[in-house]
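I opened my notebook to work through one structure, helix by helix. Here it is, followed by what I looked up.

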Amino acid sequence: FTEEKLGQAEKTELDAHLENLLSKAECTKIWTEKIMKQTEVLLQPNPNARIEEFVYEKLDRKAPSRINNPELLGQYMIDAGTEFGPGTAYGNALIKCGETQKRIGTADRELIQTSALNFLTPLRNFIEGDYKTIAKERKLLQNKRLDLDAAKTRLKKAKAAETRSSSEQELRITQSEFDRQAEITRLLLEGISSTHAHHLRCLNDFVEAQMTYYAQCYQYMLDLQKQLGSFPSNYLSNNNQTSGTPVPSTLSNAVGSSAMASTSGLGITAPSSVTELKESSGSRKARVLYDYDAANSTELSLLADEVITVFSVVGMDSDWLMGERGNQKGKVPITYLELLN
């Protein structure tokens, strides 16, 4: 081997087909490792969690179940909403968002489990199984080639007839062993095409698992959006205002037509209906879209889905109406109402 490196000995070259197969196998191994490792990062971004899972896998033990990020966020939202009060608009919204985040966390677990079983495991089996066998036989082929080259060198240096006859016999044996090992290696390497076909099926399974996951997440968020559709999107909060105070009309009028169009299907009172009510001296029935806690004695607290009577009072802010429920009266924000016919 050293003499070959120094150019002082003959080197038996492998045939072009075998060289191509060896190159294809090496390329497959390199890219399979990269894809496998990056998929693991995608499915589990936490490096400490990946190390823990690796250790448990090597110990042939099941890793303890840990809460994932969407589930943790969901639990925080639910706890916060419970403390703020499920009867408040913000508390109720937090609880709904938290429940959705938990469902996304469950879908995330299913994606990881399915991908690990149908995609990562076959890739790992190739690296730790098939390719190790190929590497072992390739190493044997390398040794047989060195033996063959050494036999050729000894034959060239042999001068006596007896020595030459012995060297020729050795050359025939080493050539036969080399050819046999080359054939074994070739048969193993030709299986790489079958490996590619198998990995293609696994890739399809991975894509299908991702498609299912993202479809579930989309549906969960779509359902959440519908549940939160009646919540106002144009609220302002600062040190002098509570989060439940509607934005003044000067600011809400600055909202573009596209924003108005996005809320047109959410049941929020249409500006034209409010204008008609303000211009008339009559009253209208209105359905309360969600809970509202009165900030002071001039306002009326509201409960979601109840029906109250509303009317306009001269000089009242354009974002408010006067609400009436039995003997109770008080100002109510327009954005919390849906005027009924």
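In which kind of crossing does α4 pass α5? I found a left-handed crossing for α4 passing α5; the term applies if the near helix is turned anticlockwise from the far one by less than a right angle, and clockwise makes it right-handed.

Ground rules next. I'm looking at a predicted model, where local features need pLDDT of at least 70 and side-chain atom pairs count only at pLDDT 80 or more, while totals for chains, interfaces and linings use all residues. Residues are numbered from 1 along each chain as its sequence is written, and side-chain values use heavy atoms, leaving out hydrogens and water.

**The whole chain.** I noted 10 helices and 5 strands in the protein chain; these are DSSP runs numbered from the N terminus, with H or I over at least four residues for helices and E over at least two for strands. Of its 341 residues, 33% count as buried (under 20% relative accessible area, with exposed over 50% and partly exposed in between, using a 1.4 Å probe and protein chains only).

**α4 with α5.** Helix α4 covers residues 69-84 and helix α5 covers residues 89-157. I read an angle of about 160° for their packing, with the axes 7 Å apart (axes are lines fitted to C-alpha atoms, for helices over the stretch in contact, and angles run from 0 to 180 degrees between N-to-C directions). So α4 and α5 are roughly antiparallel to each other (over 145 degrees; under 35 is roughly parallel, 65 to 115 roughly perpendicular, and the rest oblique). In their contact I have 11 nonpolar, 9 polar and 4 charged residues. Nonpolar means Ala, Val, Leu, Ile, Met, Phe, Trp, Tyr, Cys and Pro, charged means Asp, Glu, Lys and Arg, and polar means the others, Gly among them.

**α5 with α7.** I got about 175° here, with the axes 9 Å apart, so α5 and α7 are roughly antiparallel too. Their contact divides into 19 nonpolar, 10 polar and 6 charged residues.

**Q227.** I found Q227 in helix α7, residues 192-227. Q227 counts as partly exposed because its relative accessibility is 35%. Q227 and K96 are 131 residues apart in sequence, yet 8.0 Å apart in space, C-alpha to C-alpha.

**α2 with α6.** Helix α2 (residues 16-43) packs against helix α6 (residues 161-190) at about 45°, axes 10 Å apart, so I wrote them down as oblique. I saw H17 and L18 among the α2 residues that meet α6, where R186 and E190 are among the partners (contact means heavy atoms within 4.5 Å).
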